[in-house]
Amino acid sequence: PGTQASTTLTGNTEAKPETADTITFGVVFTEPFGLDRLRASLDYYNIKLTDPLIQTDANLYIADCYNFYGNNPGYSATFSNCTGLFRAGDILGVDNPDDPNGFFPYVNGGEYKTDGLDLQVDYAMDLGPGQLQTQLYVNYLLSWKQQAGPQFPSQDFAGTVQYFGAGDGLGGTYPEIRANLQTRYSIGKFDFDVRARYIDAMENRASVVFPGETSFTGVPSITYWDLSGAWNFSDNISVRVGLNNAFDKQPPTYQPNVQSGTDPSVYDVIGRRAFAQVSMKF
């Protein structure tokens, strides 16, 4: 898609700080089942922001005008959230009907709620002449609910990839599962590292904004592999070389993401790259 709806964005000197209620609790395991050098932790978090700072996505007004939320079953052109739409064969611009100037300022409104689980597992063992260490980090996102205002429904964006131009901007991609697995084998003065970075498959965020539409494409799961090796020349000097995105995994593309074709805040758009590093302690 190449069509874009123009809007006018502004600041707001009357905006107030956000406030949040946060609940977290967890459990830590040390050497469970008699396994030496095994540690694990599992944490649950629940965060609720009341009156967060939002800049409402203009697509919400378009969706509401066309009855995606059941508020305009007769498709009336005089419905409040239709009055700011400018058409010339297609929708070319959106004025904010809730602002006297039609602008889209940041305002305190709506609600954000999210909860999820964080898992960390650390394990080490002797293997041959060296030692193997592994660290696993997993986030499982249970929900990411947003409500832009009382006239809009609460929408759960967990498991969705962001599109260009949404009110939150890029950086609003929320995979249900993200994981990092770090493995290091140390032998003498040498370390060899393998890291896997996993991002879960996701639906397009637009499919939540426009429920029932099936033309928006999502993204598959992706795993990046990073490789490196280090020579610990002395207690104070080490040399490391490696490859990030060693298999040159290309970022997934999807519709609609008009200008970038992907989310560069989440995916690696550069590709395979090598690095060398010298570390010295004084």
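My entries below cover a helix, a pair of strands and a surface patch.

**Before starting.** I noted that this is a predicted model.

**Entry one: the helix.** I began with helix α1, residues 58-65, and asked how many of its eight residues are buried. I found seven, so the helix is largely enclosed by the rest of the structure. The buried ones are A58, L60, Y61, I62, A63, D64 and C65. Next I looked up what they pack against. After α1 comes N67, and I wrote down its positive phi, near 65 degrees.

**Entry two: a strand pair.** Then I turned to β2, residues 19-30. Is this strand largely enclosed or in the open? Of its twelve residues, the number buried is zero, so I put β2 down as lying largely in the open. Its partner is strand β3 (residues 38-50), and the two pair in the antiparallel sense over twelve bridges. As one landmark, I marked T22, which stands opposite I47 in β3.

Which residues make the nonpolar surface patch? I listed I187, F190, F192, W231, F233, V239, V241, V278, M280 and F282, which together make about 1000 Å². I saw that β14 (190-199), β17 (237-244) and β18 (273-280) each supply at least two of the patch residues. I picked out V239, which lies in strand β17. Its relative accessible area is 33%, so I noted V239 as partly exposed.

Note on methods: Residues are numbered from 1 along each chain as its sequence is written. This is a predicted model: local features need pLDDT of at least 70, side-chain atom pairs count only at pLDDT 80 or more; totals for chains, interfaces and linings use all residues. Side-chain values use heavy atoms; hydrogens and water are left out. Buried means under 20% relative accessible area, exposed over 50%, partly exposed in between (1.4 Å probe, protein chains only). Helices (H or I, at least four residues) and strands (E, at least two) are DSSP runs, numbered from the N terminus. Two strands pair if DSSP finds at least two bridges between them. Patches are made of residues with over 30% relative accessible area and no salt bridge: like charges are joined within 9 Å, nonpolar side chains (Val, Leu, Ile, Met, Phe, Trp, Tyr) within 5 Å. Accessible areas come from the Shrake-Rupley method with a 1.4 Å probe; for residues, only the protein chains shown count as cover. A salt bridge is a side-chain nitrogen of Lys or Arg within 4 Å of a carboxyl oxygen of Asp or Glu.
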